[in-house]
Structure formats: structure tokens, C-alpha cells
Amino acid sequence: MAVNLVNVESVSKVYGTRALLDGVSLGVSEGDRIGVVGRNGDGKTTLIRMLAKLEEADTGRVTHSGGLHLGVLTQHDSLDPTATVRHEVIRDLADHEWAGNAKIRDVLTGLFGGLDLPGFPQGLDTVIGPLSGGERRRIALAKLLIEEQDLIILDEPTNHLDVEGIAWLAQHLRERRSALVCVTHDRWFLDQVCTRMWDVQKGAVYEYEGGYSDYVFARAERERIAATEEVKRQNLVRKELAWLRRGAPARTSKPRFRVEAANELIADVPPPRDKSELMKFASSRLGRTVFDLEDVTVQAGPKVLLKHLTWQLGPGDRVGLVGVNGAGKTSLLRAMAEAARSEGETQPVAGRISTGKTVKLAYLSQEVAELDPTWRVLQAVQAVRDRVDLGTGRELTAGQLCETFGFNKEKQWTPVGDLSGGERRRLQLLRLLMDEPNVLFLDEPTNDLDIETLTQLEDLLDGWPGSMIVISHDRFFIERTTDNVFALLGDGTLRMLPRGIDEYLERRKRMEEVAAAAVLAAAPAPSARAASAADARAAKKELQKIERQLDKISEKESKLHTQIADNATDFEKVAKLDAELRQLIGEREELELRWLELAEDA
């Protein structure tokens, strides 16, 4: 029998006038792998912090089994900024000790791409203080995974990991003996790792058996039963009674019964998208040409990212774009967007991008657009338009679209300046959709969105008639919203992948194996290796310096944006601040170009 590790008994937690948790009772046992889902702000992080005893409950109690060895990854790490990666992760073990440990080798390779930590200025001897938030988070995760625990509690572990890193982490957690409780918005990851789900909603926690897909079926069944008419409810009860009367042998097949019930539940649900109808409608809105790329070369500074690219985005095409960091995904979208906005006058360094005359592009970049902080949410949406036609007969008012994206009537009157990062992201996205584009470029659209909002966005995009390119590390979102996957593998080419992201991961693994074999075969002379290593160290050192400068410039830009908003009526001051801002942007762009040059050497 599985040993109980943590007990939560009648726990309640109130913030201000809002009860995040109300009389919740739960348990975590040996072997449990639990995924925690729910809307942002509904109490997921509060729940797991109380599980870990990092936060006290107002009422009720949380008890741990004697001698429980617990590992916790919070959203804010507690790493020593003066320490090196080596000290924090492998505790200054001698090289022969940690290199001989298969678990340490696996974690370092899986999270950092190699035992020498490529991308870190001095490898394992890099000081933590100047590193970015994403790099620090990977270090904190590596430190936790290298140790042995009875229970691991993870809050958004897939943040700052690419598709390959997420796939590695899922496999690693499946193979561990530790019990697991994990908060994440990555639904593919939940399906791969978890065997139970906790759904945090309005102060309560609902438990479901199985991974994310099982949870979706079970929740839909529960909600449909709760909302159905009395006659239908009675019919369901009669069906269950009939099943129970079949006797003990039938009861042993309960899992099969649940599968059949789930299949009946979705029997009348049409496919997510009527592709032929949407394609027909998209063609009528866009004509034959959307984007045609002929022999195109895309560069970032002096670095060539794509060369001799001939490709076409047609009416109604829905494309997922994946690839290694720095391969040129965002640069490709920017080049296409610039050609569209300038009506063909702005072109790449080589080749030509032709855009259809009827193309109306909306581009969601990774940066959140600045809006007047005094505007209300509804006002910011209505500034675009009052009603939106989403195609196939669906029309929504600005207020209805706000509610679809999680802004209830009360939240619609919140000043933009009071919104969280995730809420601003949502607002930016719905403003884009409100403008009725017929081509969408979405660069990491899932950042900061909870699962419920993601589901609502997917539902909107299902019936959206137009062409679309999506860049995302969220595998579930790409597979759910797009029809074809293309990959940039870092070799200057764009390839279609008929088998999607599974094929991408296979190709990346083969490329790494070939590269490793080539390095061994080349085996340069010791003096050449020493010179190469010295150049790489120098490049990494300068990269580190540039990254610190970029962080400072980013802070200054943010302050200037705030000052411009605060002095909106003082035109003389705004002009002066705007001149400072333009100078900063120029400095940032020069540093970014230099960073790209050095990254190749490093």
C-alpha cells in the first residue's frame, strides 16, 4: 500500500476579501504524479506553497510524513548570486566524481545542451549573479533534479525551456521514483507526466484520475451533468443503475465503461475545424496570393539565418514554426511583416517577398505593446472597434470578446496600468483579433496564458478564416491550432515535417549525433584546440558584458516609457524623453548585432 506523504485537511486561505481556498482536503501518496490546473489567480501557486509549508493556512492543517525529503521549484529562485553554477548545482564535486554520475550527466545535458554548459560564459564556473531569469531558473531546476527526494513540487517548470528541453524533462520525471505535484500550463507535458489532476476553481479543488486528456473528458462530463435538465439527469441515473445491475463481472470493466462514456459524450461533437469551408472562405477574403518568398536570404546583422528560401503561404494555410533558438523563426516573421507593411518596398537582403493586395496582417510579437495606462480594458478594445466578425457567421461585441479572454464585466473597467503581465498579453491579443485581420503571425502567443484562456483562444482560432503562422514552445497549442509544421534546424533551410514535432525531435537528435561524431573525427591538434578555446572564452566574456548592458538599457527604456505616459500632456518634455528613447533603442540594436556575431564564435 502506498505511503501517504502529505495530508491537507480542511485548509482555507483568504487574501483580502477573496477566498482562494475554502475547506480543501487532499492527499499526496508515494508514486503520485499530480498536475495542478486552473485559471491564473485562482490559487494554484498558493495551494502548492501550502503543500510545501512555505505558506501558512488560515484554517485547517498540512502534515508531512516523518522524514519527508521534499524538493521545491518556486517561481523565484533562492540561488546565491555570488556563487558559481558548479557550486550551486554539483556542490564543488571533483570532475571525476560528478562526470562519473549518470544522473548528473543526464540533467546537465538535458537542461543545458552539454556537460560544458554551452551558452554560459565560463561553463560551470560562471557566476550566477549576472545571468538572466531563464538561465537562473534552469540552474535551480538542475540543482533540484540532481538530488533524491520523496516528493518534488514544481511551479511552471517548462518556462524558459524549448521543445527539446520540455521533452527531456517529461521523460526524466516519468523515470524518477519521486512523487510529483506540478503546476504548468503546458498540456502536452501534463499528458506525458501526470496520472492525476487537481483542478483549482473558485476556492475548491476537484480531483480527476488520469492525465490532461482524461481530465478534459471527465470535466466535460461533470459540467454537462451539472448543467443538464432534470429529465436528462434522470436518464443518466437510470443508465448507471442499469450498469450496476449487470453484476460483479461488469464492475471489473469500469475503465472500459468510462472510455465508452467519454466516446458517447463527444459522439455529436464535430471536428475542431471544417477545413474545406474555412479554406473556401479564406480564399474569398485573400485571393490566390498571401505571401510568396522567392530565393530569399534573411539576416540578423552579418549573420545569415536563412538562404535561398523559396516558400509560399497560401490562403487558409495554418503553419506551426519550430526550431532551435537563434535559427531565425522571429527574423523570418519580421521580414515578411516588413514587406507587407511597406507594400513590398522593404525587402530582405536577397530575393523577394511578394504580398497579396488584400492581406491585412496582425503580428503578435513577444514584446507586449505599450498602451495608455489610464485606459480601461474595454476602452482599449473599443479603441480598435466596437464589434468583430470572426467569420462563418460569428460576430462578437468588444465586451463579449473581453469575456471570452477572461475579462469579466468588473475586470473590463480595470485601468491597463493595473494589469499583470499575463493580462496585458491577453489584451494585446484580443486587440489584434478585434481589428479583423485575415493573416495572423503569432510569436509565442501562449506566454503567461492559463489553460482556460488557451482553450478559449484555440476555440476562437478554430473558426477563424485566414492564414496563420504560429511560433511556440507549447507543443499542444501548435498541434491543436495548425495543420502543417515547418522547422528551422539551424542550417539555413526551412523544411516541412509531415510527422510534426515528433519528427523535429528525431531530426535534432540525429543532427547532434552527427555533430558529435564530426568533432571526434576532426580531433584538432592540442595547440589549435587551446587557441579555439581561448577565442571562445573571450567571446563568452564579451557576451556576458553585453547581456548586462542590454539589461540596463531595458530598465532605462521601461522607465522612459513610464515617464512619457506620466507626462503625456507636456509636449516639450515628451519630445525630449522620446529623443532619449530613440538613442537608447539605437544603442540596443547595435549591441544586439554584436551579440549575434559573438554568439557564433562562442
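I take buried to mean under 20% relative accessible area, exposed over 50%, and partly exposed in between, with a 1.4 Å probe and protein chains only. On that count, buried residues make up 45% of the 602 residues in the protein.

**Basis.** I am working from a predicted model, where local features need pLDDT of at least 70, side-chain atom pairs count only at pLDDT 80 or more, and totals for chains, interfaces and linings use all residues. Residues are numbered from 1 along each chain as its sequence is written, and side-chain values use heavy atoms, with hydrogens and water left out.

**Overall.** I looked up the secondary structure and found 21 helices and 20 strands; these are DSSP runs numbered from the N terminus, helices being H or I of at least four residues and strands E of at least two. For contacts (heavy atoms within 4.5 Å), I noted that 68% of those with a separation of 6 or more are between residues 24 or more positions apart.

**Helix α4.** I looked up how α4 (residues 102-112) packs on α5 (residues 133-146): the angle is about 160 degrees and the axes are 10 Å apart. Axes here are lines fitted to C-alpha atoms, for helices over the stretch in contact, and angles run from 0 to 180 degrees between N-to-C directions. Angles under 35 degrees count as roughly parallel, over 145 as roughly antiparallel, 65 to 115 as roughly perpendicular and the rest as oblique. The two helices are therefore roughly antiparallel. From α4, Lys 103, Ile 104, Val 107, Leu 111 and Phe 112 meet a set in α5 that includes Arg 138, Ile 139 and Leu 141.

I then took α4 against α6 (residues 163-175), where the angle is about 150 degrees and the axes are 8 Å apart. That pair is roughly antiparallel too. Asp 106, Val 107, Gly 110 and Leu 111 of α4 meet Gly 165, Trp 168 and His 172 of α6.

**Aromatic rings.** I found seven aromatic pairs. Rings of Phe, Tyr and Trp (its six-membered ring) pair if their centres lie within 6.5 Å; planes under 30 degrees apart count as stacked, over 60 as edge-to-face and the rest as tilted. Phe 112 and Phe 120 have ring centres 5.5 Å apart and planes at 85 degrees, so I list them as edge-to-face. Both Phe 112 and Phe 120 are buried.

Tyr 212 and Phe 476 are also edge-to-face, at 5.8 Å centre to centre and 85 degrees between the planes. This pair links distant parts of the chain, with Tyr 212 in α8 (residues 212-227) and Phe 476 in α18 (residues 475-481), 264 residues apart. Tyr 212 is buried at 6% relative accessibility. Tyr 208, Tyr 212, Tyr 215 and Phe 476 form one aromatic cluster.

**Leu 333.** I located Leu 333 in α13 (residues 329-341). Its relative accessible area is 0%, so Leu 333 is buried. Beyond neighbours within four places in sequence, Leu 333 is in contact with Tyr 363, Phe 441, Ile 469 and Ile 471. Leu 333 and Ile 471 are 138 residues apart in sequence, yet 9.3 Å apart in space, C-alpha to C-alpha.

**Positive phi.** Glu 156 has phi near 55 degrees and lies in the loop between β6 (151-155) and α6. Lys 202 has phi of about 50 degrees and lies in the loop between β8 (196-201) and β9 (204-209). Glu 156 is buried at 7% relative accessible area, whereas Lys 202 is exposed at 79%.
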